[in-house]
Amino acid sequence: MTDTARTARAGVPERPTLDGLEETWARHWQEEGTYAFDRSKERSDVYAIDTPPPTVSGELHMGHVFSYTHTDMVARFQRMRGRTVFYPMGWDDNGLPTERRVQNVYGVRCDPSLPYDPHWQPPATPVSEERRKDPTPIDRRNFVALCERLTAADEQVFEALWRRLGLSVDWSLTYTTIGRVARATSQRAFLRNLARGEAYQAEAPTLWDVGFATAVAQAELEDRERPGAYHRLRFTGPGGREVLIDTTRPELLPACVALVCHPDDERYADLVGSAVRSPVFAVEVPVRAHPLADPAKGTGIAMVCTFGDLTDVTWWRELQLDTRVVIGRDGRLLPEPPHGVPAEPYAALAGQSVNGARRTMVELLADAGGLVGEPRAITHPVKFYERGDRPLEIVSTRQWYLRNGGRDAGLREQLLARGGELRWVPEHMKHRYDHWVGGLTGDWLVSRQRFFGVPVPVWYRLDDVGEPDWSHPLTPDEAMLPVDPSSDPAPGFEESQRGLPGGFVGDPDVLDTWATSSLTPQIVGGWETDPDLFSRVFPMDLRPQGQEIIRTWLFSTVVRAHLEHGVLPWRDAVLSGWILDPDRKKMSKSKGNVVTPMALLEQHGSDAVRYWAANGKPGMDLAFDPAQIKVGRRLATKLLNASRFALGLGAADALRAPATAPLDTAMLAELSGVVAAATSAFDSYDHTAALQVTEAFFWRFCDDYIELVKERAYGSGPGAESARAALATALSVQLRLFAPVLPYVAEEVWSWWRYGSVHRATWPTTYEVGRAVEGTADPQLLRLAGDALGQVRRAKSERKLSMKAEVPLAEALGPAALLEQLTLIADDVRAAGRIAKLDLLPDRTPELVIACAF
């Protein structure tokens, strides 16, 4: 059965409640296929969303609820606007976060040199902290199986939460970034990049995370303030001249290949082109000039080491300096000194950690007279991998790169132009994209020295002595994909030839997780596997995502679509803001201030939590506020009760009948303006404005309009029929306006008196509301009636009387024209205020005044 079938109406319950709605309607939506994508529709009738696949490496938090609710509101609105919505869900389950989680949960580490053990079993219970500190080595195949096992369990938990939240996802479209389809798609795109010369391999200085033992891309860096110290070192120049430099990394002295000053710095102009000798090692290094040297920093002349930081890399490359690498991939100083560095003083540093070598180097400098004064404590920014906990080092490694404009001005301009074609919400987020693309200093490093990821799909021939031919990688036919070079033999070879001279070896690396996630439109859209589907959904309509991954996910997806298809991957990009804690600090796992959502969903209901999320606009930060969630539950409860009351007046049987009474047509006229405003806001991705205008009208509708017309609606005749008709139209329209934000309560009330699902109903239009109005309609009459009734209520409240108390006499004072309008709705005001007699006294006051006599 599909949701297009006319399901029976439920009828109005005696005691409506929000409790249990999530279980009831989530199950119903799944059974009825309410949110199923209709792939028979033409592209113009499709609205396709490139949903962010959350990283499966822990718990979802309120930041996820915030942003994913925003996307769901867009999906629901577009579906009600008549589009068939392509709304998949994915799980980003490969990469470093998953590996780290497996290591922590099971107390293991991957050692690819170990043979596969088919009998190995993971621990049945969580391991101790001691076990985590001394993890058990296991082979790669078992390690990957553990990753798959853990992510599968996490994904079930994530899906349960998303269903509870009410995401209108088509769950038949679910994918994972480590699944077979994703692996094949990622490898196909890489092979095509390679064939076009966009992917290439190079031996080069690489940002390296010692803890994860892998290369890191520029987009994954973050600066963290860390304590350090400036050490002043004494170099010796020509004629015994003392040349002082300040450095925070004295342990890199044996890697020093030059001193660099600014070309305009007169203090060192005579040194440029000459050489100086380093302390302790007495290695002769040249003095060069470069505009990146800062005369105001330290002594104005800097030590260039291979490699201390990214500036060192720039100087090394542009000045064509020697290479003296001293730090290995394990974060320790290499056992042998680099070429040209004497072995005796270096022996004291060999094998030490960076911190240990720093302490030893300071001692050596002090003993040799190469240290001037005491180290000066500072706090300075240090580069980290965004998920790492140890400072990055720069080591020389062979890696795969993908061209992204960092070294190609023409491609850079093309990618900047793509950013200009994209619709940014909010618009100022485009500046972040432009700044990132304009500031790129190198191509995208896409290989990783990890295990749970999409394998780089190439092999290498081994020569007669067993050395790989890096320059001529062996590639598979696309029909073979996905492949794993660590277990699949190279084309034209047998597995028995692996690792032997004249045989082959597989590339041991995997692709960066962003190299796969950047292809989410292609993965879920059926690129090359389902051309019909791909033609209906690509390019997609919407990319919703966090602002912090503009430089990674958004940019990388633009790069892949531009290189492969020559288009943008989507039309619109909507960026979410941060969730802040009560102290206005960004919530993050690292800070330990995140709030997980399930308890809140169970306590207050999903609609209440969604209401809180809807109060945050795209790109704007929102504080986590439990009080706001309570307001949302109050709103959902009021919608239940007000709807029950209106339907109890007979509104259900009056739908599509005309409203004729002045107050009724006034209410509908104002509602028409609400529909126009809410529609415009949703079209602009401003769900917050849509909710605000809808909610403000709803409370006026409940507090004023229903109170004003209920006496008339209880009766009979044209006036009662008009009231019931207006109530029916207003209820039908408001349920649909609230449906994207409050899907459960809107569906519940809709089921009491309408057929099908409110989420498959058409979005309300001003034409629809206007069609329910017979005669003239002045929206000001509702506000006038509300003002008059409000004054009567205040008079009773001031006298501590019940709102049901009779008012023997009330006088209405105000401009004659205003009182003339009041006569049109006087009967409703008298009935609602329980006024026995209402006298109109024109031109006595400049504004409306209702004076009550008791």
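## Basis of the model

Local features in this predicted model need pLDDT of at least 70, side-chain atom pairs count only at pLDDT 80 or more, and totals for chains, interfaces and linings use all residues. Residues are numbered from 1 along each chain as its sequence is written, and side-chain values use heavy atoms, with hydrogens and water left out.

## Overall make-up

The protein chain holds 25 helices and 29 strands. Both are DSSP runs numbered from the N terminus: helices are H or I of at least four residues, strands are E of at least two. Along the principal axes, the C-alpha atoms fill a box of roughly 110 × 65 × 55 Å.

Of the 854 residues in the protein chain, 56% are buried. Buried means under 20% relative accessible area, exposed means over 50%, and partly exposed lies in between (1.4 Å probe, protein chains only). Contact means heavy atoms within 4.5 Å. Among contacts between residues at least 6 apart in sequence, 78% join residues at least 24 apart.

## The antiparallel sheet

An open sheet of 4 strands runs in the order β8-β7-β16-β18, with antiparallel pairing. β8 (214-215) and β18 (444-445) are the edge strands; each has a single partner strand, so one side of each lacks a neighbour in the sheet. Two strands count as paired if DSSP finds at least two bridges between them.

Strand β16 (residues 393-402) pairs with β18 in the antiparallel sense over 2 bridges. Within this region, Tyr401 stands opposite Leu445 in β18.

## The parallel sheet

A second open sheet has 3 strands in the order β17-β24-β23, and the pairing is parallel. Its edges are β17 (423-425) and β23 (540-546), each with a single partner strand, so one side of each is left without a neighbour in the sheet. From one strand to the next the twist averages 20°; angles run from 0 to 180 degrees between N-to-C directions, and axes are lines fitted to C-alpha atoms, for helices over the stretch in contact.

β17 and strand β24 (residues 570-576) run parallel and are joined by 3 bridges. Val425 has Val574 in β24 as its bridge partner. Helix α15 packs on this sheet and touches β17, β23 and β24, with its direction at about 160° to that of β23.

## Helices α10 and α15

α15 (residues 550-565) also packs against α10 (residues 409-421), at an angle of about 110° and with the axes 10 Å apart. The two helices are therefore roughly perpendicular, a term that covers 65 to 115 degrees.

On the α10 side the contact is made by Leu411, Gln414, Leu415 and Arg418, and on the α15 side by Phe555, Val558, Val559, His562 and Leu563. By class, these are 6 nonpolar, 2 polar and 1 charged residues. Ala, Val, Leu, Ile, Met, Phe, Trp, Tyr, Cys and Pro count as nonpolar, Asp, Glu, Lys and Arg as charged, and the others, Gly among them, as polar.

## Two single residues

Ser672 lies in helix α19 (residues 662-683) and counts as buried, at 16% relative accessibility. Leaving aside neighbours within four places in sequence, Ser672 is in contact with Thr766 and Val769. Ser672 and Ala730 are 58 residues apart along the chain, with their C-alpha atoms separated by 9.6 Å.

Leu818 is placed in helix α25 (residues 816-833) and is partly exposed, with a relative accessible area of 22%. Not counting residues up to four places away in sequence, Leu818 touches Leu784 and Leu848.

Conventions
Parallel < 35°, antiparallel > 145°, perpendicular 65-115°, else oblique.
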